[in-house]
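Q: I would like to go through this model with you, one topic at a time. Please start with a residue and its surroundings.

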Amino acid sequence: MAVRTTAAFNEANGTTFSPKSNFKAIQLTTSYWYRNTYGISFSWQNTWGPTNPALYTTGVNLTNSANGKPDNNAFIIEADWVPFGKEDSWLRPWANLKLGIQYTIYTMFNGAAKNYDGFGRNASGNNTLFMFAWMAF
């Protein structure tokens, strides 16, 4: 596979894209915990930047941006359970366990909601279910 540089892209396409990008991101999260045992969190994350097909490759593989944009938008829902680790817990403070499940819902991925890569993939095809167990000593 050939190394692709911005200079080579510009020369081949007669463009003047910069090798740098002003990429921005924001994530907002709100959480609620009941008795330090049950928790639920809702998050929104958004990333965006200028169109630059030299940096955000178009039409080569399934991770591409067909329109050369880095834009992503997602919502995250997480539910947690912490059975130990409180004042009156068994083996306090050594037994600390957090069990959780998280689901990420993409409404935009690599610059589009539908056919973001030019191969027919939609942003929702990247939705993710994540289950975890977390321990602290």
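Q: Which residues does Asn73 touch, not counting residues up to four places away in sequence?
A: With that exclusion, Asn73 touches Trp44, Gln45, Asn46, Ile105, Tyr106, Thr107 and Met108. Contact here means heavy atoms within 4.5 Å.

Q: Before we continue, what are the ground rules for this model?
A: This is a predicted model, in which local features need pLDDT of at least 70 and side-chain atom pairs count only at pLDDT 80 or more, whereas totals for chains, interfaces and linings use all residues. Residues are numbered from 1 along each chain as its sequence is written, and side-chain values use heavy atoms, with hydrogens and water left out.

Q: Back to Asn73: is the residue buried or exposed?
A: Asn73 counts as buried because its relative accessibility is 14%. The cut-offs are under 20% relative accessible area for buried and over 50% for exposed, with partly exposed in between (1.4 Å probe, protein chains only).

Q: Where does Asn73 sit in the fold?
A: Asn73 is placed in strand β3. Helices (H or I, at least four residues) and strands (E, at least two) are DSSP runs, numbered from the N terminus.

Q: And what does β3 connect to in β4?
A: Strand β3 (residues 72-81) runs antiparallel to strand β4 (residues 96-108), and 9 bridges join them. Within this pairing, Ala79 has Ile101 of β4 as its bridge partner. Two strands pair if DSSP finds at least two bridges between them.

Q: Which loop holds Asn36?
A: Asn36 lies in the loop between β1 and β2. Although Asn36 is not a glycine, its phi is positive, at about 50°. Asn36 counts as exposed because its relative accessibility is 56%.

Q: And Asn110: buried or exposed?
A: Asn110 is buried, with a relative accessible area of 13%. The residue is found in the loop between β4 and β5 and has a positive phi of about 50° although it is not a glycine.

Q: Changing topic, which residues form the largest nonpolar core?
A: That core has 6 residues, namely Ala74, Tyr106, Phe109, Ala112, Tyr116 and Ala123. A nonpolar core is a set of buried Ala, Val, Leu, Ile, Met, Phe, Trp, Tyr and Cys residues joined through side-chain atoms within 4.5 Å.

Q: How many aromatic pairs are there in the whole structure?
A: The search finds 3 aromatic pairs. Phe109 and Tyr116 form an edge-to-face pair, with 5.0 Å centre to centre and 70° between the planes. The pair Phe130 and Phe132 is stacked because the ring centres are 5.6 Å apart and the planes lie at 25°. Rings of Phe, Tyr and Trp (its six-membered ring) pair if their centres lie within 6.5 Å; planes under 30 degrees apart count as stacked, over 60 as edge-to-face and the rest as tilted.

Q: Which residues do ring pairs link into a cluster?
A: Tyr106, Phe109 and Tyr116 are linked in this way. Phe109 and Tyr116 are both buried, whereas Phe130 is partly exposed, with a relative accessible area of 43%.

Q: Finally, what share of the protein is buried?
A: Buried residues make up 32% of the 137 residues.
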